[in-house]
Amino acid sequence: GNFFLTWSPGDAYWTPRNRNSARRIQNMGWTPDGGLWMTTRGGGIFYNQGGLSEEFEERRIAARGYGLLDISYADEDTAYCVGGSGSLFKS
């Protein structure tokens with residue numbers, strides 16, 4: 001999508017936040033240390049430094065042009081990312 005929403009306990013309503021890239025958001029989730037990750041259409045991976053912030057930093061992987069769909073963590077040091085055409089990446 002064009003933006004994402006955040007909510008914290010005690011908030012009266014959801015807070016809209018802008019995406020940090022021209023690419024549309026594909027998926028989002030939490031890192032083991034409480035930060036956010038975001039994948040975008042076109043193969044971008046972005047991480048923030050914790051909390052609910054719009055400030056993300058791009059991290060590059062050799063996705064060969066395939067879109068990245070989801071990220072999952074085995075532990076704090078090992079992540080897996082699945083992409084189009086059956087691509088699987090391990091950090």
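**View 1. Aspartate 33 sits in the loop between strand E3 (25-30) and strand E4 (36-40).** The model shown here and in every view below is predicted. Aspartate 33 is exposed, because its relative accessible area is 67% and the cut-off for exposed is over 50%. Its side chain makes a polar contact of 2.4 Å with the side chain of threonine 31. A polar atom of the aspartate 33 side chain also lies 3.3 Å from the backbone nitrogen of glycine 35. Aspartate 33 and glycine 50 are 17 residues apart in sequence, yet their C-alpha atoms are 7.4 Å apart in space.

**View 2. Asparagine 48 occupies the loop between strand E5 (44-47) and strand E6 (57-59).** Is asparagine 48 buried or exposed? Asparagine 48 is buried, because its relative accessibility is 6% and the cut-off for buried is under 20%. The asparagine 48 side chain reaches the backbone nitrogen of leucine 36 at 2.8 Å. Leaving out residues up to four places away in sequence, asparagine 48 touches Gly35, Leu36, Ser53, Glu55 and Phe56. Two names in that list link this view to others. Gly35 is a contact of asparagine 48, and the backbone nitrogen of glycine 35 is also 3.3 Å from a polar side-chain atom of aspartate 33. Glu55 is taken up next.

**View 3. Glutamate 55 lies in the loop between E5 and E6.** Glutamate 55 counts as exposed, with 63% relative accessibility. Asparagine 48, by contrast, counts as buried. How far is glutamate 55 from arginine 23, C-alpha to C-alpha? The separation is 15 Å, for two residues that are 32 apart along the chain.

**View 4. Tryptophan 7 and tryptophan 14 form an aromatic pair.** How many aromatic pairs does the count give? The count comes to one. In this pair, tryptophan 7 and tryptophan 14 are 6.3 Å apart, centre to centre. Their planes stand at 40° to each other, and the pair is tilted. Tryptophan 7 is partly exposed, at 42% relative accessible area. Tryptophan 14 is exposed, because its relative accessibility is 53% and the cut-off is over 50%.

**View 5. The largest pocket holds about 400 Å³ of space.** The lining of this pocket has 22 residues. The closest to the pocket centre are Thr31, Tyr47, Arg59, Tyr73 and Ala79. Which strands each supply at least two lining residues? They are E5, strand E7 (68-73), strand E8 (79-83) and strand E9 (88-90). E8 gives the largest share, three residues. By type, the lining residues divide into ten nonpolar, seven polar and five charged.

**View 6. Tyrosine 80 belongs to strand E8.** Tyrosine 80 is partly exposed, with a relative accessible area of 33%. Residues up to four places away in sequence are again left out of its contacts. Tyrosine 80 then touches Asp70, Ile71, Ser72, Ala74, Leu88, Phe89 and Lys90. One of these contacts is aspartate 70. Tyrosine 80 and aspartate 70 are ten residues apart in sequence and 8.3 Å apart from C-alpha to C-alpha.

**View 7. Threonine 78 is in the loop between E7 and E8.** Threonine 78 is buried, because its relative accessible area is 16% and the cut-off is under 20%. Not counting residues up to four places away in sequence, threonine 78 touches Ser72, Tyr73, Lys90 and Ser91. Ser72 and Lys90 are also among the contacts of tyrosine 80.

**View 8. Serine 85 is found in the loop between E8 and E9.** Serine 85 counts as exposed, with 65% relative accessibility. Threonine 78, in the loop between E7 and E8, is buried.

Definitions and conventions:
Residues numbered from 1 in each chain as written. Predicted model: local features only at pLDDT ≥ 70, side-chain atom pairs only at ≥ 80, totals over all residues. Heavy atoms only, no water. Helix = DSSP H or I, 4+ residues; strand = E, 2+ residues; numbered from the N terminus. Buried < 20%, exposed > 50% of the residue type's maximum accessible area, 1.4 Å probe, protein only. Polar contact = N/O pair within 3.5 Å; in protein donor to acceptor, adjacent residues only side chain to side chain. Contact = heavy atoms within 4.5 Å. Phe/Tyr/Trp six-rings, centres within 6.5 Å; stacked < 30°, edge-to-face > 60°. 1 Å grid on protein atoms, 1.4 Å probe; cavity = no way out; pocket = protein on both sides within 12 Å on 5 of 7 lines; lining within 4 Å. Points joined across faces, edges and corners; volume = space filled by probe spheres on them. Nonpolar A, V, L, I, M, F, W, Y, C, P; charged D, E, K, R; others polar.
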